[in-house]
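Subject: Structure handover and notes

Hello,

Here is the structure for you to look through. My notes on it follow below.

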Amino acid sequence: MSTKPRILVARAIFPDALASLEESFEVKSNQADEVFSTDNLRKELAQVAGALVFGSERIDQNALADAKNLKIVANISVGYNNFDVPAMTTAGVMATNTPDVLTDSTADFGFALMMAAARRITESEHWIRNGQWDKMSIVYNPLGMDLHHTTLGIIGMGRIGQGIAKRGLGFGMNVIYHNRKRLSESDEKACGARYVDKETLLREADHVVLVVPYSAESHHLIGAKEIALMKSTATLVNIARGGIVDDAALAEALKAKKIFAAGLDVYEGEPKVHPELLKLSNVVLAPHIASATEKTRRAMINLAVRNLRAALAGEKPPSLINTELWKK
Ligand code: 8YV
């Protein structure tokens, strides 16, 4: 019988990363990449000392019910709203995530969505694909909104928010932000960003980008009332989490042209997308790919593996979330 610790890799990862894990661990992998049912996830976790998971795996009291030997669940994701951290702590299971390594790729993508929405890139592409280029007016269609020298409003000024702000400076944008906690003077200076309250941001920004973590507090942070404060020429980008925007209210507002356009990478109840959003041409839809470059996905997996290896070697994982488990 193998004396190697057993681990679970809950979704498909790069074959070379899997092979390297197999040198040290007895690995139950899921290269078929089908999301485990709640019952199957509980059964799998019951048999392992560590697990590598993605946002698709909900780690709560139920998932942990039979996991008597589990020491760590390492998320391959910076956001960890798929974790019930108190339940993990009670069960003595370390929770880790992958901060920093995806900041730049995700900030790039936030900008890409903003540009695509403002300049109607995907909508125009459909004109070409549908053979309608010759039916487009040279002067009027499709006219977009500028980014350069406009006001960029960022809600959530963590690492990714600050990365977006710095990109905005390169476009000559006036950057304003709102965050639970105001940045230090030196960080504000580095981002060239001015702190404002949420309502002022929504009123003044030409482009609003959401980068706040999901929590009960941020649920429907942007709904009909907030959208009503925005300019009719403004764009809204959500690269944070589904549920931060009320997608039904956003679809209504886009349909009624209360704002100019939106760019979404995340959705309430994804992988389902609100059916009204699918009908609209003034929204750019991406399937939760903000961090999806090969370099970044490899860096995320590497960091998650470092977290897992450390925990199983009795060391402190580099990005431990429930640090109280370490102080004991
Ligand atoms: C992941 C993300 O692709 O890191 C995050 O918080 O949203 C993405 O980078 C996703 O969560 C899959 O785990």
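Which residues does Asn307 touch, not counting residues up to four places away in sequence? Asn307 touches Ile72, Ala74, Thr96, Asn97, Pro317, Pro318 and Ser319, where contact means heavy atoms within 4.5 Å.

Some ground rules before the rest. This is a predicted model, in which local features need pLDDT of at least 70 and side-chain atom pairs count only at pLDDT 80 or more, while totals for chains, interfaces and linings use all residues. Residues are numbered from 1 along each chain as its sequence is written, and side-chain values use heavy atoms, with hydrogens and water left out.

Asn307 and helix 13

Asn307 lies in helix 13, residues 294-312. Helices (H or I, at least four residues) and strands (E, at least two) are DSSP runs, numbered from the N terminus. Asn307 counts as buried because its relative accessibility is 0%; buried means under 20% relative accessible area, exposed over 50%, and partly exposed in between (1.4 Å probe, protein chains only). The side chain of Asn307 reaches the backbone oxygen of Asn97 at 3.3 Å. That is a polar contact, meaning a pair of N or O atoms within 3.5 Å; within protein, one must be able to donate a hydrogen and the other to accept it, and residues adjacent in sequence count only if both atoms are side-chain atoms.

Helix 13 has 19 residues and reaches 27 Å from its first C-alpha to its last, close to the 27 Å expected at 1.5 Å a residue. The expected span is 1.5 Å times one less than the number of residues. Besides Asn307, the buried residues of helix 13 include Thr296, Met300, Ile301, Leu303 and Ala304. The buried residues of this helix pack against strand 1 (6-9), helix 1 (15-24), strand 3 (50-53), strand 4 (72-75), strand 5 (94-96) and helix 5. Just after helix 13, Gly314 takes a positive phi of about 80 degrees.

The ligand

The residues around the ligand are Phe54, Gly55, Ile76, Ser77, Val78, Gly79, Leu102, Arg241, His288, Ser291, Arg297 and Met300; a residue is listed if one of its heavy atoms lies within 4 Å of the ligand. By class, this shell has 5 nonpolar, 5 polar and 2 charged residues. Here Ala, Val, Leu, Ile, Met, Phe, Trp, Tyr, Cys and Pro count as nonpolar, Asp, Glu, Lys and Arg as charged, and the others, Gly among them, as polar.

For Ile76, a polar backbone atom is 3.1 Å from a ligand oxygen. A backbone N or O atom of Val78 lies 2.7 Å from an oxygen atom of the ligand, and for Gly79 the distance is 2.8 Å. Taken alone, the ligand exposes 330 Å², and the protein buries 86% of that (Shrake-Rupley method, 1.4 Å probe; for residues, only the protein chains shown count as cover).

The 16 residues of helix 5 should span 22 Å at 1.5 Å a residue, and its end C-alpha atoms are 23 Å apart, which agrees. Helix 5 is mostly covered, with 12 of its 16 residues buried. Among them are Thr103, Phe109, Phe111, Leu113 and Met114.

Why does Arg120 count as buried? Its relative accessibility is 18%. Arg120 takes a positive phi of about 55 degrees, and its side chain is joined to that of Glu123 by a polar contact of 2.9 Å. Leaving aside neighbours within four places in sequence, Arg120 is in contact with Met115, Asn141, Pro142, Leu143, Gly144 and Phe260.

Arg119 lies in the loop between helix 5 and helix 6 and counts as partly exposed, at 48% relative accessibility. Beyond four places in sequence, Arg119 touches Ser124, Gly144 and Met145.

Other backbone points

The peptide bond from Glu270 to Pro271 is cis, with omega near 15 degrees. Pro271 is in the loop between strand 11 (261-264) and helix 12 (275-278). Asp100, in the loop between strand 5 and helix 5, has a positive phi near 70 degrees. His220 also has a positive phi, of about 50 degrees, although it is not a glycine.

Regards
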